[in-house]
Amino acid sequence: MPALTKEIRSFVVIAHEKSVRKAAEKLHIAASALSRQIKILEEDFGCKLLLRLPKGIELTEQGQALYKQAQKWVAEENRFRRSLEEGQKQHLLQLRIGAVGCLSHTFLPRLYKKISSELGHVRIHFKTGDTQTLTDLLLNNELDFIIAFNVARNEKIHFAGQYMSKIGLVHLPGLLGEHKQSIELHDCLKWPLCFPDVNLSVHTRLYSEILRQKSSFDIAATSNSFHLLANLVINGVGVSFMTWYDIEKQVQDGELVFTPLTDKRLEEELCVCLPSTVTINEQTQIVIDSIHEVIQLYQHPAAQ
């Protein structure tokens, strides 16, 4: 709500435009309403403030004095409002959190709600990307935290938590008949594979394990996008391999099923990291605890 009355602000616009009509257009109100405001102002000050001319208005001596003073009032109010806004910004906690793209669907919105409930007024700048990109941003001090798979150990990175996540077979409902708690990799190779390519972290370990099976297999499609691989499976092209984090939304929607692989080597490590130079104060610990809590809620039921 303006500290100055609407009549004073309208008068300043009229004086600046030297026209009631032009001022009305600028203020998006009727000229008659603007004239009534000036009449109220003149009655309040007890003097004539402007004279109407064929091509506009002219300020009286009293009107010129009020215009000069009103400009000071407007400038002072604007300065005061800016000072309040700056003070508010100083109390606004801003965080920069990076995460792998598969966490963007439901994990990051849940994380925002959790952190804001714990810390109150907070602004979070989220950045998604692959592990290497996020790691580089963290090391360049462009992110405060990252949540990513298989982050390489580095003395400049503090690991605040690691969670092992099994790779699983992703398939259409009903493919395995009765629901299974897990499945062996060998038994998955009878179906066409929609396979993660070399740009995805699961590729190297997964492909190596498939070769160890010494069984024939058919790769129907490859992609660097888990979202595309999931859609290929939904469209009946074949089965795929992902972590629970990659496919949680489609499973919850009933479009796909995630069945963990029994092979112990087929796991991904979800890491929670921040720069090692950061002093872990109360606020930082709250953020770390919030990330841990949301991860625990987000994990596959079999991992809880």
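Predicted model: local features only at pLDDT ≥ 70, side-chain atom pairs only at ≥ 80, totals over all residues.
Reader: Got it. Into which classes do the residues of the lining of the second largest pocket divide?

Author: That lining has 8 nonpolar, 5 polar and 2 charged residues. The space in this second largest pocket comes to about 190 Å³. It is lined by 15 residues, and L95, D144, F145, V278 and T284 are the closest to its centre. Two or more lining residues come from each of β3 (93–99), β11 (267–275) and α10 (282–298), with β3 giving the most, 4 residues.

Reader: How does one find such space in general, and what volume does the largest pocket have?

Author: The general idea is that rolling a probe the size of a water molecule over the atoms shows where empty space is left. Here, the largest pocket has a volume of about 550 Å³. Its lining is made of 28 residues, and those closest to its centre are V100, G129, D130, T131 and L200. Elements that supply two or more of the lining residues are α6, α8 (226–234) and α9 (244–252). The top contributor is α6, with 3 residues. By class, the lining of the largest pocket splits into 9 nonpolar, 15 polar and 4 charged.

Reader: Now the packing. How many residues has the largest nonpolar core, and which have the most contacts inside it?

Author: Think of a core as buried nonpolar side chains linked up by contacts within 4.5 Å. The largest one here has 38 residues, and L95, L103, F107, L111 and I147 have the most contacts inside it. Elements giving two or more residues to this core are β3, α5 (107–119), β4 (122–128), α6, β5, β6, β11 and α10. Of these, α10 gives the most, with 6 residues. To zoom in on one member, L103 touches L108, I147, Y245 and Y298, leaving aside residues up to four places away in sequence. There's also a second, separate core of 30 residues, with V170, C188, C194 and V251 among them.

Reader: Cysteines, then. How many disulfides does the count come to?

Author: The test is distance: two cysteine sulfur atoms must lie within 2.5 Å. By that rule, the count is 0. Take C102: its sulfur is 13 Å from the closest cysteine sulfur, in C271, so that pair is too far apart for a bond. C188 is in no disulfide either, as the nearest cysteine sulfur, that of C194, is 13 Å away.

Reader: And is C188 buried or exposed?

Author: C188 is buried, because its relative accessible area is 0%. C102 also counts as buried, because its value is 12% and the cut-off is under 20%.

Reader: Last one: backbone angles. Where is the phi of N141?

Author: As background, most residues other than glycine have a negative phi. N141 has a phi near 60 degrees, which is positive. This residue sits in the loop between α6 (131–139) and β5 (145–149), and its 52% relative accessibility makes it exposed. N150 has a positive phi as well, near 55 degrees. You'll find N150 in the loop between β5 and β6 (157–171), and at 25% relative accessibility N150 counts as partly exposed.

Conventions:
Residues numbered from 1 in each chain as written. Heavy atoms only, no water. Buried < 20%, exposed > 50% of the residue type's maximum accessible area, 1.4 Å probe, protein only. 1 Å grid on protein atoms, 1.4 Å probe; cavity = no way out; pocket = protein on both sides within 12 Å on 5 of 7 lines; lining within 4 Å. Points joined across faces, edges and corners; volume = space filled by probe spheres on them. Nonpolar A, V, L, I, M, F, W, Y, C, P; charged D, E, K, R; others polar. Contact = heavy atoms within 4.5 Å.
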